[in-house]
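Me: I would like to learn how to read the overall form of a chain and then the surroundings of single residues. Could you take me through this one step by step?

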Amino acid sequence: MTQQAPFDPMPLRAQFPALQLEVDGKTAVYLDGPGGTQVPQSVIDAMSGYLHHGGSNSGGPFFTSRYTDEITDAARLAMMDLYNARRPDEIVFGQNMTSLNFSISRALARTWQPGDEIIVTRLDHDANISPWLLAAEDRGVTVRWLDFDPADCTLRLETLPELLNEKTRLLAITYASNAVGSISDVRRAAELAHKAGALVLVDSVHFAPHGLIDVQAIDCDFLISSAYKYFGPHTGILYGKYELLDGLMAYKVRPAPSKPAGKWETGTQSFESLAGVTAVVNYLATLGGEAGSRRERLVQAMARTKTYEMSLSLRFLRGAAQVPGLHVYGITDVERLDERTPTFAVSLDGFSPEAVAERLGELGIFVWHGHYYAVAVMDRLGLLDKGGLVRIGFNHYNTADEVDQVLAALASLR
Ligand SMILES: Cc1ncc(COP(=O)(O)O)c(C=O)c1O
């Protein structure tokens, strides 16, 4: 591979129309990426292009239907590359992560017996907790909880072996926390769970914009992400090992395909979104240069953006330490930046999280406050009834100047 130039977000920002938005004459500062990212023009063009072209439902023996099937096939190949799946029919599209997780959890639960056990974690978004709690309740299955260390908000993976036994059927684990940014060692977790005979489902919704996914290296059984968190459309994408997708019974209507991936794709897909999915994977690949296969370029791209994002994290953490009354949750050790995404949950003495978000919003700086569905995280930190935390999330289209702007704004509130 040829040496890449240092990552520069400025030419990329020009590709994102929404990043040009002005609020009261000042360029908007989007630090709400963990809630949803903006999209490049190529994604907008692909989506509107599909609608403009003339589409149809899938499977018909005529031009527009064949075109739709080509769009779907291309999106499956694109996601196969992004996830490093073995084959395109290990990729399943759906409305969002939550819906796909409800679908797969229903199907898995049918295989459970009363007295079986499953494990969920306190670091997860509720979309990877509630579907499992409800399925466990339906089937008389015991739920065990993998805790995190409140000091640095990383999973206590060393306690996982104590939770696993021959009755464990599933581990549902987040790849990275959408609240505090900690990255989990999902590969090690999968290894431990598999040794006990349990299946592993990874929620990679928050991790996906920040790091390289390799389902074969993790050896997870299922993994789900949502393209709107990584510069694409509102579509969820499930990876499942072929044998599992094939063997499990899907809740589907009778005429729907009986083979993966179609049997899991209930109803009619958002084909314009699938066009956008391909476009966003191609956009990400461009960040990795021009040489090599799409997967090879994605590998390069995610390495580059990760290094760049770590520089934003470093700048943020150094600056945050200088703001009186500002507390950062999660990993703050600048030697451990590769163990976190550039997503920071913070509190500011004397201000409720809502007041901080409102004040920053008035300055054109977009951040979330509250629990952002990381209900278990906030509960564990004792903050659920106290308004949660302010979440400041960077990604590769954010700049060092934006880091400085949010820090200056926080300092000015005091
Ligand atoms: C870590 C994580 N998991 C799951 C979800 C739910 O994703 P979706 O909106 O696609 O259902 C989110 C959304 O914020 C998330 O951040």
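Predicted model: local features only at pLDDT ≥ 70, side-chain atom pairs only at ≥ 80, totals over all residues.

Me: What share of the residues of the chain counts as buried?

Reply: Buried means under 20% relative accessible area, exposed over 50%, and partly exposed in between (1.4 Å probe, protein chains only). Of the 414 residues of the chain, 55% count as buried.

Me: How many helices and strands does the chain have?

Reply: Helices (H or I, at least four residues) and strands (E, at least two) are DSSP runs, numbered from the N terminus. The chain has 14 helices and 17 strands.

Me: Where is threonine 121 found, and is threonine 121 buried or exposed?

Reply: Threonine 121 belongs to strand 5, which covers residues 117-121, and it counts as buried because its relative accessibility is 0%. Contact means heavy atoms within 4.5 Å, and, leaving aside neighbours within four places in sequence, threonine 121 is in contact with Ile129, Trp145, Leu146, Leu155, Ala172 and Ile173.

Me: With which side chain does the side chain of threonine 121 make a polar contact?

Reply: A polar contact is a pair of N or O atoms within 3.5 Å; within protein, one must be able to donate a hydrogen and the other to accept it, and residues adjacent in sequence count only if both atoms are side-chain atoms. The side chain of threonine 121 makes such a contact with the side chain of aspartate 124, at 2.6 Å, while a polar atom of the threonine 121 side chain lies 3.0 Å from the backbone nitrogen of leucine 123.

Me: How far apart in space are arginine 359 and alanine 409?

Reply: Sequence separation and distance in space are read side by side. Arginine 359, in helix 12 (residues 353-362), is 50 residues from alanine 409 in sequence and 8.7 Å from it, C-alpha to C-alpha.

How values were computed
Residues numbered from 1 in each chain as written. Heavy atoms only, no water.
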